[in-house]
Amino acid sequence: RKEYVDLYVDYKFNKSVQKPFEDFMQGFLRGCPARNWKMFSPEELQVLLQGHPTYDWHLLEKNVIYGQYTKSDQTIRNFWTVFHELPEEKKKMFLVFLSGSDRISGYGLEPFRFYIVDPQVENPDESSPYASTCRLALFLPR
């Protein structure tokens, strides 16, 4: 039985995917030669490919550009008060809502900028916030 299980596991994890994996690796290395990847440590490569997994949320707040708002407006102060009280997972969900991803590029939060804009709707109480992921803009009614 042990031999059967070993052979079955080897087939499932190695032999059955060997050809598709070799084809993928050949195509990947054609576009991204392995010698170029060797300059990175494994940690740097992971950040480059996946983005940063943890964030300084106060730096995110500092980098915001406001449209028809100022940092001292009550709506903005309320937004950041609620935002900073959210658990980490909800903050990442906000990033998905804003940018389409829960990760920030390998450059980190320092160059990451987004906009909070007043959509200037007639009745703000009947409007919900919405985002433009292309422009990294959050439209936040007053």
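Tutor: Helix H6 (residues 74-85) has 12 residues and reaches 17 Å from its first C-alpha to its last. That is close to the 16 Å expected at 1.5 Å a residue, where the expected span is 1.5 Å times one less than the number of residues. Helices (H or I, at least four residues) and strands (E, at least two) are DSSP runs, numbered from the N terminus.

Student: What kind of model is this, and how are residues numbered?
Tutor: This is a predicted model: local features need pLDDT of at least 70, side-chain atom pairs count only at pLDDT 80 or more, and totals for chains, interfaces and linings use all residues. Residues are numbered from 1 along each chain as its sequence is written, and side-chain values use heavy atoms, with hydrogens and water left out.

Student: Which residues of H6 are buried?
Tutor: Thr-75, Ile-76, Phe-79, Trp-80 and Phe-83. Buried means under 20% relative accessible area, exposed over 50%, partly exposed in between (1.4 Å probe, protein chains only).

Student: Where do they sit around the axis?
Tutor: They cover an arc of only 125 degrees, which puts them on the same side of H6. The arc is that of the directions from the helix axis to the C-beta atoms.

Student: Why would residues a few places apart point the same way?
Tutor: An α-helix has 3.6 residues a turn, so residues three or four places apart point the same way.

Student: And what is exposed on the other side of H6?
Tutor: Val-82 and Glu-85.

Student: What covers the buried residues of H6?
Tutor: The cover includes helices H5 (57-62) and H7 (88-99). It also includes strands E1 (65-67), E2 (115-117) and E4 (137-139).

Student: New topic. What is the phi of Gln-120?
Tutor: Near 50 degrees, a positive value in a residue other than glycine. Gln-120 is in the loop between E2 and strand E3 (130-132). Gln-120 is exposed, with a relative accessible area of 56%.

Student: Where is Leu-136?
Tutor: In the loop between E3 and E4. Phi of Leu-136 is also positive, near 50 degrees.

Student: Zoom out. How many helices and strands are in the chain?
Tutor: There are 7 helices and 4 strands. The radius of gyration of the chain is 23 Å, well over the 14 Å that the globule rule gives for 142 residues, so the chain is more spread out than a compact globule. That radius is taken over C-alpha atoms, and the rule is 2.2 Å times the number of residues to the power 0.38.

Terms used:
Contact means heavy atoms within 4.5 Å.
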